[in-house]
Amino acid sequence: MTSKKCLLACVLALCAFAANAQNVPKPKEFYFDDDRGVNGPIVLVQGEGEALVQELVKARERGRKSLEATAQLAHVAIADNRVELGKSLYQQALNSAQPGGSIWRAISWNYGWDLYRLGEYEPALQHWAGLVPPVGAPSWLPPTLALGLWSSDRKGEAVEWFAAAVRTEPARWSNPANFPALLPDWREEERARLAEVHAAWLANPPAWP
């Protein structure tokens with residue numbers, strides 16, 4: 001491929017990516033559905049350090065649970081500041097999984113969180129928004145999309161999504177003091193940012209519908 005063609009392909013890919021990142025749907029009224037197979041870390045092998053890496057590499061080579069092994073290895077690589085390797089492994093896992101299937105959704109959810117924690121908010125949002133199902137309403141969606149949208153400076157949309165969490169369970173989401181119990185796997189700075197969304201919602205709660 002010539003340099004001009006390569007440049008054109010890169011520009012087109014970036015344009016498509018930006019368009020997808022913008023495509024966050026409007027929230028539904030309520031989000032009561034459980035989605036535990038998706039919204040949790042992928043842990044095939046317990047351990048740490050080089051021993052964990054070697055076990056995950058062996059799992060990949062054996063072929064059984066290779067998608068889970070690849071996704072966990074991607075997470076370990078990013079945590080170890082080998083970001084490009086981690087992204088490449090995540091993409092391998094996604095490309096090998098059935099689009100829309102449970103393992104594909106779990107990998108995309110985890111990839112979104114690793115991207116978010118790298119400060120890549122719009123790419124993270126793209127992965128999470130891609131998990132909005134045509135049928136069903138997973139309970140993790142409103143706070144997670146609210147966080148991603150707020151961090152991406154899409155504050156109006158963030159408040160709309162947070163409002164969906166409050167509509168669903170007002171006794172829980174109306175008070176940021178509940179966030180540590182509701183979001184135990186989130187980092188403190190992430191819960192603090194969601195508290196900013198809460199403050200904006202409290203100041204001007206959007207009407208429904």
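1. A word on residue classes to begin with: Ala, Val, Leu, Ile, Met, Phe, Trp, Tyr, Cys and Pro count as nonpolar, Asp, Glu, Lys and Arg as charged, and the others, Gly among them, as polar. This is a predicted model, in which local features need pLDDT of at least 70 and side-chain atom pairs count only at pLDDT 80 or more, while totals for chains, interfaces and linings use all residues. Residues are numbered from 1 along each chain as its sequence is written, and side-chain values use heavy atoms, with hydrogens and water left out.

2. Now to the largest pocket, with a volume of about 940 Å³. A pocket here is an open set of points on a 1 Å grid over the protein atoms alone, where a 1.4 Å probe fits, with protein on both sides within 12 Å along at least five of seven lines; lining residues have an atom within 4 Å of a point. Grid points are joined across faces, edges and corners, and the volume is the space filled by probe spheres set on the points. Of its 40 lining residues, N39, G40, W109, D185 and W186 are the closest to the centre. The lining divides into 21 nonpolar, ten polar and nine charged residues.

3. Which helix supplies the largest share of that lining? It is α5, with five residues. At least two residues each come from α3, α5, α7, α8, α9 (170-173) and α10 (179-182); helices are DSSP runs (H or I, at least four residues), numbered from the N terminus.

4. The second largest pocket has a volume of about 260 Å³. Its lining has 13 residues, with Q91, L94, S108, Q126 and H127 nearest the centre. Here too α5 gives the largest share, four residues, and the classes are six nonpolar, six polar and one charged.

5. Do look at the largest nonpolar core, a set of 56 residues in which F162 and L194 have the most contacts. Such a core joins buried Ala, Val, Leu, Ile, Met, Phe, Trp, Tyr and Cys residues through side-chain atoms within 4.5 Å. Helix α8 gives the most to this core, eight residues. Beyond its neighbours within four places in sequence, L194 is in contact (heavy atoms within 4.5 Å) with P143, A146, L147, F162, W173, F179, L183 and W186.

6. Leaving aside neighbours within four places in sequence, E68 is in contact with I42, L44 and I103.

Terms used. Buried < 20%, exposed > 50% of the residue type's maximum accessible area, 1.4 Å probe, protein only.
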